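Student: Could you go through this one with me? I have a few quick questions.

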Amino acid sequence: MQDSSNFKISEYGRGIPRQNMGNLISSHILTIITFTPAVGALLILFFNRAQIRSIRTFALVITILAFLFSLYLPARFASGNPEFQFRLDVPWMPSLGITYSMGIDGISLFLILLTTLLSPLAILASWSIRDRLKEYFIFMLLLETGMIGVFASLDLFLFYVFWEVMLIPMYFLIGVWGGERRIYAAMKFVLYTMVGSVLMLVAIIALYFLHGDATGTFTFSYPDIQAALAGSRFVLERSTEFWLFLAFFLAFAIKVPLFPFHTWLPDAHVEAPTAGSVLLAGVLLKMGTYGLVRFSLPLFPAASHLFAPLISLLAVVGIIYGALVAMVQPDMKKLVAYSSVSHLGFIVLGIFSFTTQGTEGAIYQMLNHGISTGALFLIVGIIYDRRHTRAIDQFGGLAHRMPVYAAFFMIVTLSSIGLPGLNGFVGEFLILLGTFGANKARAALAATGVILSAVYMLWMYQRVIWGEITNEQNRSLADLGFRERAMLIPLLILMVWMGIYSNHFLRPMDASVTKLMNRVQNVQLQYAGQPK
Amino acid sequence: MNLASINIFAILPAVVLSVFGIAVMVAEPFVTDRKKSTLGWLAFSGTLAGMLALIPMADNGGQWYSNLWIVDDYNIFFNFIFLLIAAVTILTSLDFLRRENMNHAEFYALLLFATAGMLMMSGSNELVMIFLGLEILSIATYVMAGFRRTDLKSNESALKYFLLGSFSSAFFLYGIALIFGATGSTNLLAIAQSLRSPDIPMNLVYLSAALMLIALCFKVAVAPFHIWTPDVYEGAPTPVTGFMSVGPKAAGFAVLFRVFLTAFGMIEDRWVSAFWLVAALTMVLGNVIAVVQPNIKRMLAYSSIAHAGYVAVALTSASNRGGSAALFYLLAYSLMNLGAFAVVTIMSRSEDKMVNLTDYAGLGAKRPGLAAVLSLFLLSLAGVPGTSGFAGKFFIFRAAVESHLVWLAIIGVVTTVVSFYYYLYVIVQMYMREPNEEFSDVRVAGSLKVALVISAFGTLYLGILPTRVLDWTTTAALNALK
C-alpha cells in the first residue's frame, strides 16, 4: 500500500525533473527527426486529392520542421567526444539481439543536417509536379525518413532496414514522375542496388554469428561489434575478413558509385524528376561513402589495407573517366551526373588514403558534393521547367535574360570546380593532401581531375550563359522567382561559409576521425610488421 | 481402445470443421440459390469456431489415441495457419462464387473438409494417419480445382492435379510400406527409436525416405517436382488457386518437417544434401521462370515455387532456428500470398478473364487503394524490410548462415534480387503505365475487404513486430526436433 503511493508521488507528483527532460530530448531527438517526415507522409493520406496547394505546403512545413529539429544536433553536439552521442537503445527483437539503436558521431552529424536541409529544397523544386501529387509527396517524405535513418542507425539490422526501405520511394519517384525512359532507369536502379545490398545482408548475419561465437553475446549492435574487434576480444580470420569486406564493399561501391559500378547512375539521374536527382546526388550517393567510412574501415581494417591500392586505382580511373565523359555530354543533367562519378572518386580516394586529412577531406567533400551538385541539379531543373529541354545547344546567352540565374549558376559552378574561398576547394585540397602523403602518383593523377572538372563545368557554363541569344525561344525567359531564389540561397550561403570557416565543420569531426584513424593505422602497423 | 482414452478436446478443431462441413452439405438443398452465401458465412463461422477450439486443445498436450495423435505447439501453430487460410479463402470466395454463377455451397463444405485433412496432417504421429489426412485434403482440392465445370481450363487443371497428385500419393504409400517393412512400425517416434538399433536394413530406410521425400516435394511443389504447378494454378478458379498455393503447401511442409526431423532425424546426413539441391534448384528455377510470365496467376505460381524453395532452405539447416524460421515464413507467406490472390480475384472479373499483367496497367491512378494493397503484398513477397516477407527471409538466411550453409544463403539472396524484377514489374504496370480502361467493373465486396485487411495487417505486423510470433514458432519447432 505504502509502496504504491510512493510510486505515485515519484512518478506523477513531482513531474519530470529538468535534467531528465533534457536527457529525454537528447536521447529521442534522432528518432523525432527521423520519423517526422514519415508521420507527415501518413497525414498526407488524409488530404483531399484536389487540395494541391495545401498538400504542397504541408509537405514543405514537415520537412522544414525536421530541419529545425535537426538543428538541435549541432547545438548540443560535444565536439571533443569521439563516441556516439544522442544514443537511444530500445530492444526491438531481443531474442535475436536486434535493438532499435540510434546515435551519431562527428562523421554522421553533418550528413543528417545535409539531408534535412536538402529535403525542403527538393520539395520546393517540386512545384511543377502536377500528376498524382499526393503520392509524390508521400514518397518524398518516406524517402527522407529512410535517408536520415541510414545515417542515424547504429544497429546493423536497423541500418539494413533503412538502407533497403529507402529504395522503394526512390523507385517510385523515378518510375512514376521521371522522364522518357523512366521505367528502365527505375528498374535498373533498384536491381543494381539490391544485388550489392543482399550480399551485405549475408555478411551482416555472418558477422553476427562470428561475433556471437567469439564473445558469447549475439548482437547486431555496431558499436559493440566494433569495440570487440578493436579490443581484440573478437578476431576475424584473414580470409573471413576478406570475404566480409568484399560483401560490404560491393554494396557501398554500387551505391557510391565507384567505377565500374556506375552505369546505373546516369540513367537514374537523367530520368529522375529534379527533386529526385537532388536527393539522389545530394544524399543517396553519400550513403555509399558513409558506409565505407562507418563500416568497411573500422570493421575490416586489414582487408581495407589489402584492397586499398585496387580501390584507389578504381577511384582515380573514375575521377578521370567521369570527367572525360562529362565533357562530351550534350545534356546538362547527364553532364552533372557524370561529374558526380568523378567527384565521388575523390571521396573514395580520400577515404582509402587512411590519413586524417584524407578522411576529413572525404567527409567534407561528401557535404560539398551534396550542396554543389544538389544546387546544380536545381539549376538545371529551373531551366528545364521553363524550356522542357536540357540540351546544352538549345541555350546560349541566358545572361541577357536571366542575370540572377547566371550569377547563381556561376557561384555554383565555381564551388563545384573547387575555387579557393568556396567549399569545394577545402575538401579537394584535404583529400589531395592526404593522398599525397600516402601515394604521390595517385595524387598527381587525381589532381588532373580538378583541372578537367574546370574544363567541363566552365565550358558548359560558357555555352549556356554567355554569348548571344541564338535560340528565339530563350528570348522570353523569366528570371528566378522568389521560390527559386529561396531554394538556392541557403546553398549559396553554405558554399561561402564552408569555404571560409571550414573549421566550424571540421572541428566536430576531429575526434571521431582521429578515433577511426587510430583503429585503421594501428592495424596498418601490425600488418606491415607481420612476416609474409 | 477404451472410452477413457478418447479425448475429444485433442481433436476438437478437426471435429468442429467436419461438423460444420456436414451441416453445410445437409443444409444446401434447403437454401434457395440467392441465399447460398449464407452457407458461406456458416462455413466461415466454422473456421472461427475451429480457432476457438484451439484453446481447449492446447490444454490437452501430449499423445492421444494410442499415440496416433499428438498435441503440441507445433500442431497448434499449424492448425492456426490452416484455419486462417480457410477463413481468408472463404472470404475471398464468397463474392467470387456469386459473381461467377457457381454459387454451390458444396464448395464451402469441400474447403472445410480439405482443411480438416490438413489438420490431420500436422497432428498425426503416424504415417498412415498422415496419409489419410493427405488424401482428404487432396481429393477435396481436386474437386475445387475443377469447380468451374463448364470451363476447359478448369477441367484441365483438376485432371492434371488429380493424376499427378495420385502419383505422388502412391509414392508416399510405397514409402510407408517400405519403412514398415524395415522397422515394423509406422509411428514416427517408434521409427526414430528403431533407427538407433544397428540391425535395421538401412538401404530400405533410405529408399523409403527418398520415396516420401519425392511425394512431399510434389505436394509442396519444389523443383524438380514442380512442373504441374503453373498449369494447375492457372486453370483453377482464382480463390482456389490462392488456397492451393498456401494450404497444401503449408500442410506438406508440416509433414516434411515432422517426418524428416522426428522420424528420420538420425539419418540427417543422408537427406540434408538432397534438400540442399532441391532448395537451390527451386529458388533458381522458380524465380527465373517467373520473370517471363505474362499471366499474373502463372507468375504467382512460379513465385510460390520460389517461396517453397526458401522454406526448403530453412529445412536444410535442420536446426531449431531453421524450423522456427520455416514456420514463421509459412505463416507470413500464407498471409501475403492470400492477400495477393484476393486482389487478383477482384481484378480478374467476369470468368477470370483479366489475368494478364497488362490488365493491371494504370490501376494506381484509377484505384489507388487496391493498387496500394497489392503493392504491399508484392513488396512483401519480394522481401522489402518492414514487411513479413523480409522478416521471414531474414530468419531463414540467418538459420542458413548459422548452419554454415553460406552458399545456399547467397543463392537465396541473389535469387531474391531476381524476384524483385517480376514483383516490381506488376507495380510498373499499376503505377507507371497509362490506364487502358476505367476499371468501373472492379467491385470490392465487403467480405473481400475483410480478407484484404486481415492479410495486410498480418503482413505489416509480422514485418515490424515479429518477436512474439517468432517465440511461438521457436517453441513449436522444438516439438518437431525430438
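Student: Is α9(A) largely enclosed or exposed?

Tutor: In this predicted model, 24 of the 34 residues of α9(A) are buried, so this helix is largely enclosed by the rest of the structure. Buried means 20 or more other C-beta atoms, placed from the backbone, within 10 Å of the residue's own, while exposed means 12 or fewer; helices are DSSP runs of H or I of at least four residues and strands are runs of E of at least two, numbered from the N terminus.

Student: How is everything numbered, and what are the pLDDT limits?

Tutor: Residues count from 1 along each chain as its sequence is written, and chains are lettered from A in the order in which they are written. Local features need pLDDT of at least 70 and side-chain atom pairs 80 or more, whereas totals for chains, interfaces and linings use all residues.

Student: Where does α9(A) bend?

Tutor: The bend is at A:Met194 and is about 25°, taken as the angle between axes fitted to the seven residues ending there and the seven starting there. Just after α9(A), A:Gly216 has a positive phi of about 85°.

Student: And the contact, how many residues does each chain give?

Tutor: Chain A gives 25 residues and chain B gives 26, with contact meaning that C-beta atoms placed from the backbone lie within 7 Å. On the side of chain A that touches chain B, the largest share, 14 residues, comes from α9(A).

Terms used:
Contact = placed C-beta atoms within 7 Å.
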